[in-house]
Amino acid sequence: MESPEIKKQGLNLPAAMSGASLRLDTFSLSLSARSISNLSSSSPSSSKSSTCSDRFIPCRSTSRLHAFGLIDKPSPSKEGGNDAYSRLLKSELFGSDFVSSSPSSSSPAGQSSPTKNILRFRTDHSGGPSSPYSPSILGHDHGLSNETSTPPKPPRKVPKTPHKVLDAPSLQDDFYLNLVDWSSQNVLAVGLGTCVYLWSASNSKVTKLCDLGPQDGVCSLQWTKEGSYISIGTCLGQVQIWDGTRCKRVRTMGGHQTRTGVLAWNSRILASGSRDRNILQHDMRVSNDYISQLVGHKSEVEEFWKISSEPATLAYLWCRKFVCGLKWSSDDRELASGGNDNQLLVWNHHSQQPILRLTEHTAAVKAIAWSPHQSNLLTSGGGTADRCIRFWNTSNGHQLNCIDSGSQVCNLAWSKNVNELVSTHGYSQNQIMVWKYPSLAKLATLTGHSMRVLYLAMSPDGQTIVTGAGDETLRFWNVFPSVKAPAPVKDSGLWSLGRTQIR
């Protein structure tokens with residue numbers, strides 16, 4: 001018989017053993033929530049000095065995880081307040097089967113969860129987004145985060161119709177002319193036939209600046225940066241300087257052999273491009289007609305001269321190779337020129353030879369624009385056989401991007417208020433497009449002209465553009481926001497709907 005002391009201790013002794021020698025009978029231990037609770041609570045004979053130095057690390061693939069307590073006992077002040085959160089967390093961590101099989105939070109009396117972090121898992125907050133238990137993933141994907149995501153900003157609305165239309169009789173349909181320019185003093189200059197007219201945007205007053213006579217004609221216009229003087233390129237190859245306030249001619253400069261189709265001012269130098277393929281630089285402070293001559297758009301004619309002796313063909317090519325695009329950079333250090341030899345050249349103000357020769361275009365390069373927001377960013381557009389708008393880094397000559405516009409590119413202009421640009425087009429859609437840079441997302445496509453949109457100028461505030469076409473109309477579009485707010489210009493006297501005549 002077992003002694004009372006041994007029986008009290010809960011030890012089973014076989015008959016062959018004495019009380020001094022002890023043997024433990026084997027028995028199976030089922031680790032359930034109730035048995036764990038009983039083991040931790042019903043052992044009155046356990047010594048207070050005994051400690052457990054081992055840890056139990058279960059295998060997730062084979063263990064019944066619902067048997068373990070995973071959350072702390074709720075505080076009395078929030079009793080029952082975290083039940084929904086706990087069920088959602090368990091469902092995310094261990095699947096829906098676990099939630100259905102786990103015991104209810106309101107367990108029967110006497111059934112309690114183990115305390116003091118026994119067999120309880122701790123969330124690893126150091127895990128990155130790749131961890132399936134990362135709090136960031138749970139927060140973003142399942143709405144457990146307290147931060148509310150900011151909704152995407154809606155695209156800016158661009159009016160689809162012009163708010164002003166002017167009749168412009170005799171506005172020529174010639175791709176290689178530049179007959180519209182808007183001064184910094186808010187005066188629009190337009191070349192119509194042999195005459196130049198000034199239209200004041202502040203009061204809609206029209207003034208006739210000059211008439212070149214029946215033997216000549218207007219080929220190009222360009223205001224100075226201050227807006228007081230305007231240069232006029234003529235069919236006879238002259239460059240005339242006029243005082244726009246007094247309507248008086250100040251100076252006439254020669255040097256070109258044929259018509260001067262494009263002009264470009266920087267702070268003190270006027271560059272002129274002609275059908276004779278030359279670029280002349282004029283300085284108003286000296287008495288000479290020009291101070292330097294840049295020759296670069298004639299290489300194809302020179303190569304043809306070596307292999308052909310047909311004078312008629314050579315004369316045709318000689319007349320066909322000319323400069324049609326000119327733009328100074330914002331810092332006045334570089335000049336970009338385009339020709340119908342399909343080349344885009346970049347000149348340094350100290351050099352007589354181009355520092356870059358870009359030949360990716362497959363048609364005439366008339367549309368040229370320098371970005372006012374990023375140094376060394378140049379944009380160019382090709383003619384009917386090319387239709388592409390290309391973006392260049394002039395510091396190394398690399399092409400940054402290229403987009404097919406679907407139509408002949410006639411003009412390009414950057415907004416000075418936002419990082420966007422506008423392009424006007426000819427064959428075959430005659431559209432106006434507004435682009436966002438650098439994403440090149442198309443913000444708007446504007447239509448209204450029935451012929452090629454050959455002319456483009458921008459208002460001094462940078463919000464409005466004016467476009468001209470061979471349909472003999474000038475159309476004003478509000479395409480860009482203001483510097484501070486995208487509110488449209490409100491001036492009923494200036495922008496009232498209607499159609500008037502510029503002369």
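**Ground rules.** I number residues from 1 along each chain as its sequence is written. In this predicted model, local features need pLDDT of at least 70, side-chain atom pairs count only at pLDDT 80 or more, and totals for chains, interfaces and linings use all residues, while side-chain values use heavy atoms, without hydrogens and water.

**Repeats.** I looked up UniProt, whose unreviewed entry places "repeat: WD" at residues 323–357 and 446–479; such annotations may be inferred rather than shown by experiment. I found residues 323–357 to be 0% helix and 60% strand, with end C-alpha atoms 14 Å apart. For residues 446–479 I noted 0% helix, 56% strand and ends 10 Å apart, again between C-alpha atoms. Helices (H or I, at least four residues) and strands (E, at least two) are DSSP runs, numbered from the N terminus.

**Pocket.** A pocket is an open set of points on a 1 Å grid over the protein atoms alone, with protein on both sides within 12 Å along at least five of seven lines; lining residues have an atom within 4 Å of a point.

**Cavity.** Here a 1.4 Å probe fits but cannot get out. I found one cavity of 30 Å³ or more. Among the residues lining the largest cavity are Tyr-176, Arg-259, Phe-322 and Val-323.

Notes: Points joined across faces, edges and corners; volume = space filled by probe spheres on them.
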